[in-house]
Each structure stands twice: as structure tokens, then as C-alpha cells.
Amino acid sequence: MRRIRLAGALTAVIALALTVTGCGGGGVPGAAPAAKTAAAPDRVEPLPSPASPRLPATVGSGDGRRVTVASAERIVPLSGSLSELVFTLGLGDRVVARDVTATFEQAADLPVVTRAHDVSAESVLSLKPTLVLAESTTGPAEAIAQIRDAGVPLVVVPAAEDLGDVDDRIDDVAAALGVPDSGAELRARTAERIAAVREKVPARAEKPRVAFLYVRGSAAVYLLGGAGSGASSLLEAAGAVDAGKESGLTEDFTPITSEALAQAAPDALLVMTKGLRSVGGVDGLVKIPGVAETPAGADRRVVSVDDGVLLNYGPRTDRVLASLVDQLYGGTR
């Protein structure tokens with residue numbers, strides 16, 4: 001089920017549209033009715049003065065190996081999150097391919113080397129990469145092995161689990177690229193921006209209860225996030241309670257049932273933008289059994305964050321967190 005949780009972070013992002021889709025009022029204790037915000041351009045923000053790689057460098061890989069990187073001239077990041085990190089560190093001009101989920105503007109024209117979320121080793125190798133970056137969930141394993149067997153340095157970065165992984169992911173990618181100083185600069189910038197957002201979170205005696213729903217109408221997948229969904233730390237940083245986790249769900253996800261939703265009793269629902277679209281928007285979401293009977297469903301209080309950034313835990317995490325805060329509390333801060 002962890003694979004399903006991570007699929008949300010790997011789903012293609014068309015635009016960084018952090019929008020509110022709820023139209024009711026009063027679902028979140030003390031919050032004003034949410035209002036739609038304009039879609040932001042889906043771009044990453046590179047460091048102003050990126051460093052040139054200092055290579056060769058031998059780094060630890062998330063699969064327990066030690067990998068020596070001799071060149072970062074031709075980079076293939078195998079997830080949207082990793083692509084975002086490479087571009088933000090200022091080495092986007094060296095990226096020669098992308099995963100289907102790296103659709104921010106700077107990467108949009110690069111050739112795609114994945115089918116759905118599976119890596120095509122032949123496509124990767126045809127581009128003669130000097131470094132491949134993969135997530136610990138990247139697969140299939142046979143494709144990863146084929147790339148390694150061809151002699152290409154391949155560094156695995158542990159998949160993001162929560163807000164505390166942001167620094168490590170920046171450091172891991174920066175080390176593999178031979179730009180540790182840029183990594184330190186990006187880490188400091190990201191931490192500062194996240195801290196600035198957290199300072200704006202209203203102090204409330206009664207925190208809003210938010211349930212994270214992973215829905216894919218086309219595949220009839222309707223899941224309620226629990227303690228391991230990946231969203232808990234974001235919700236808690238936004239001053240909210242993860243309703244699924246709080247109700248005792250210890251798994252990553254559990255199928256949505258009327259009983260589980262009644263136990264969670266969310267004031268608001270957090271969904272991914274594509275997932276919401278796949279069920280027909282808010283009108284379709286509240287038709288899922290049990291949703292309309294929750295406080296969130298009754299008030300149609302639905303918060304939507306684009307699939308490709310919600311669980312990335314990268315340099316744009318402050319934007320995700322800011323969107324959650326704005327959507328949950330509106331103008332009441």
C-alpha cells in the first residue's frame with residue numbers, strides 16, 4: 001500500500017494549481033468560507049548563483065551501495081520530485097530526460113523515459129546518461145539493474161515520508177551532483193520559507209480535523225489516509241489534525257467506508273487535484289458512500305492540492321503548506 005501512497009506524489013502535474021474547491025461555509029471551526037485562488041505558474045525556482053559540480057565524488061545510495069559519480073554532464077532523474085531538485089539546484093541544463101511526472105515548465109520539453117510509472121531502461125540508456133537518479137520506489141527492478149549493468153552510475157534517493165525528509169533529500173541529490181554547497185544553500189532557503197509559513201498558522205484551541213482521501217474514479221480506488229499516508233506531517237504543520245490518523249488508522253491507507261469516515265469525522269477533506277477531477281469534482285466526491293454524512297461533506301469543504309507537489313517534500317513544500325493554511329483558514333488569520 002505504500003506504493004499507492006507514493007503514486008500520488010508521482011502522478012503527472014500539469015500546473016502548480018493550489019486551489020480551493022470547497023464552496024460551503026463553516027466546516028472548519030472558526031474558518032471563513034474558502035475562496036478560489038489563481039493558479040500559479042508551474043515553475044521551479046533555481047538558486048540564483050548555482051555552483052559547478054565538483055567531481056568525482058563517491059556517495060551513499062539508498063539501496064546500501066557506494067556509487068562513484070564522475071560526471072554530471074547528462075543527468076536523468078527518474079521522478080518529478082528528483083527533477084525538481086536538480087533544476088532547483090541550478091543544473092537543469094544538464095538534464096537530458098524526464099519521468100512522466102516532471103511536467104513543470106522548465107522540464108516539459110524533455111523526452112520521457114517512463115511508461116506510466118515504469119522506467120524504460122532502453123530509453124534511458126539511449127540518451128547516454130552519465131548519472132541516473134532514482135527513488136527507492138522506482139521500478140521495475142529489472143530496469144534499474146539493466147541501467148547499472150550498463151555501467152551508468154545510479155544513485156537511489158530514499159522516498160519521501162514526511163516533512164522531516166526535506167533536508168535529507170536536498171543533501172542526497174546535491175551530494176550526487178557534486179554541489180554540496182548549493183545543497184546547503186537550498187536547504188537553508190527551503191527551511192526558512194517553511195518556517196515563515198508555519199509562523200502564520202493561527203493558534204486555535206480546536207484544530208480542524210482533515211482527512212486525506214486518495215481517490216481515482218477511473219480505477220474505482222477510494223482510500224482514506226492513515227498514519228502512514230505521507231500527509232500527516234503537512235496537516236500537522238498547518239495546524240490541523242490528521243483525522244484518519246487520529247481515528248486510529250495505522251496503515252498507509254484503508255478503503256473508504258461509511259464507518260471509517262464517521263469515526264474520522266473530518267471538518268475538511270484533502271484530495272489531489274487529478275483525483276478530485278476523476279470523480280467528477282466536489283459533486284462526485286460527496287456521492288462516495290459516507291462522505292456526505294461527515295461535517296466536511298455536509299459543508300462541501302474540500303481542499304485540493306496538485307498531485308505532483310503534495311507529497312514531494314522538496315523545494316516547493318512551503319508553497320504546498322501555504323496553500324493548506326490559506327485554504328483551511330481563509331481570511332481569519
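Predicted model: local features only at pLDDT ≥ 70, side-chain atom pairs only at ≥ 80, totals over all residues.
1. Residues are numbered from 1 along each chain as its sequence is written, and side-chain values use heavy atoms, leaving out hydrogens and water.

2. The protein has 14 helices and 14 strands (DSSP runs, H or I of at least four residues for helices and E of at least two for strands, numbered from the N terminus). Of its 333 residues, 57% are buried, meaning under 20% relative accessible area with a 1.4 Å probe, protein chains only.

3. Now to one helix pair. The axes of H5 (residues 166–177) and H6 (residues 180–199) come within 8 Å and cross at roughly 160°, which makes H5 roughly antiparallel to H6 (an angle over 145 degrees, taken between N-to-C directions on a scale of 0 to 180 degrees, with axes fitted to C-alpha atoms over the stretch in contact).

4. Who meets whom here? On the H5 side are Val166, Asp167, Ile170, Asp171 and Ala174, and on the H6 side Pro180, Gly183, Leu186, Arg187 and Thr190, with contact meaning heavy atoms within 4.5 Å.

5. Finally, Glu236 sits in helix H7 (residues 232–237). Glu236 and Pro208 are 28 residues apart in sequence, with their C-alpha atoms 10.0 Å apart in space.

Methods: Parallel < 35°, antiparallel > 145°, perpendicular 65-115°, else oblique. Buried < 20%, exposed > 50% of the residue type's maximum accessible area, 1.4 Å probe, protein only.
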